[in-house]
Amino acid sequence: MEYDVVVLGGVAAGTSAAASAKRSSKNLKIAIFQKEPYISYGGCGLPYVISGDVASPESVITLTPQAFKEKKGADVFVNHEAYEIDFSRKVVYVKSEDDEKAVVYDKLVISTGASPIIPPFQAWGEDGIFKLRNPDDAANILNYIRDKQPKNAVIIGGGFIGIEVAEALKKRGLKITIFEGTDHILGNIEPEIHEEFVTSVKEKGVKFVFETLVKDIVKENGKFKVITENGIFEGDIVIVSIGVRPNTDFLRNKGLNMSKNGAVVVNDRMETNLRDVYAAGDCATVNHFITKENVYIPLGTTANKQGRIAGKNLAGGSDSFIGVVGSLITKFEDIEYAKTGLTLQEALTKGFDADAVFVKSESRAHYYKGSKKIKMKLVFEKKTGRILGAQFVGGEIHPRLNAITSLIYTKGTVDQLRNMDLAYSPPFSPVWDINLVSATQAVKKI
């Protein structure tokens, strides 16, 4: 088999790359090889499939393989896994259950994604212990809840997926215990913001077990025993969500530049160090806009952008990715958390002469119904006032986060922020929005 472009992986980055390449050059012969039986799905929606806020696992699938071929013009081979590449001869070897193929390419896009990290728990493979990465995982969890009617859920890992799955299972009526190996959840979260978020989630009935590593999980008499360094806990269903690693083991020791965790190193054009080889999505690094470092922040939004740029450039175009600032948002019922840019500690560690302000406000005029509490920490450079990051907790924080993100990308300052003409009306904000308040306080420290 011979193709102008071979794409390995067909979820966010892979389908975006194929579609972008075809738009740029309609005559390109393109093939996508995808390990799973489906392509083009929104993994970020899977926790909300569990909660019932999304109708079904199939709802997160954007296009079937056949529909993608008809609409975008690329051949799609599902249930096909790449297991070997000869970069010098430009040959990819792929296999399915009953077939193996040697596929010759002119240009190659590596978009193989990432897989959940699963420790060697004894119970892994038993019915009732799950990961959540693709639509089949969501369907399996829902079927288990329907058939077994579990009462107590154990979640291993307090990252974004862990918190979102906790919310989903609680909505299904389960009691939740979250085990986290560190002293905090949600990754690089500011301490003041963390305290507010965790306190709120605890008040909603979720139990946290911090600074506790899970040594093993076994299943006995239909129950899961979670064995930790601080005792044994029981549960009826277990979700493992301790992070992901790039699906790149088959690429090691072949001359491809990779980071310590196996992510393929790319430049701002999504090019690797090998000629005619591109990489994008959860298997690749990305440039951090503030620190200018190659980092690993696997997100669906980034994967789509990287895929689009890779596809355009391999087809002869010229596009580049400005980089990420690590913008993230999640919620647990009515309490929201969001971050963008650097924490104060990160900024100091990276060599910035940084400071921060922590302020409290409301989302609407105090006299208007439905106003919600907001807390915000704004990080900035002391000498210049340049905004380096922000974190929020509370309600109606999404537009406020995006305003800060926009300023970070323009290297905006706290002085510029405090003078911005932000839209005001009682149903939407106080006269002094929390962004304006934080900027005004920050200016005093410059």
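Predicted model: local features only at pLDDT ≥ 70, side-chain atom pairs only at ≥ 80, totals over all residues.
Biologist: How many helices and strands does the protein have?

Modeller: Apply that definition along the chain, from the N terminus. The count for the protein is 11 helices and 24 strands.

Biologist: What radius of gyration does the protein have, and what would a compact globule have?

Modeller: The protein has 446 residues. For that number, a compact globule would be near 22 Å. The value for the protein agrees with this, at 23 Å.

Biologist: Which strand holds Thr 228?

Modeller: Look at residues 223-228. They form a strand, and Thr 228 is found in it. That is strand 13.

Biologist: Is Thr 228 buried or exposed?

Modeller: Buried means under 20% relative accessible area. Thr 228 has 6% relative accessibility, so it counts as buried.

Biologist: Which backbone atoms lie 3.0 Å and 2.8 Å from the side chain of Thr 228?

Modeller: A polar contact needs N or O atoms within 3.5 Å. At 3.0 Å, the side chain of Thr 228 reaches the backbone nitrogen of Asn 230. At 2.8 Å from a polar atom of that side chain lies the backbone oxygen of Gly 231.

Biologist: Which residues is Thr 228 in contact with, leaving aside neighbours within four places in sequence?

Modeller: Contact means heavy atoms within 4.5 Å. With those neighbours left aside, the partners of Thr 228 are Phe 179, Thr 212, Leu 213, Val 214, Lys 215 and Phe 233.

Key:
Residues numbered from 1 in each chain as written. Heavy atoms only, no water. Helix = DSSP H or I, 4+ residues; strand = E, 2+ residues; numbered from the N terminus. Buried < 20%, exposed > 50% of the residue type's maximum accessible area, 1.4 Å probe, protein only. Polar contact = N/O pair within 3.5 Å; in protein donor to acceptor, adjacent residues only side chain to side chain. Rg over C-alpha atoms; globule rule 2.2 N^0.38 Å.
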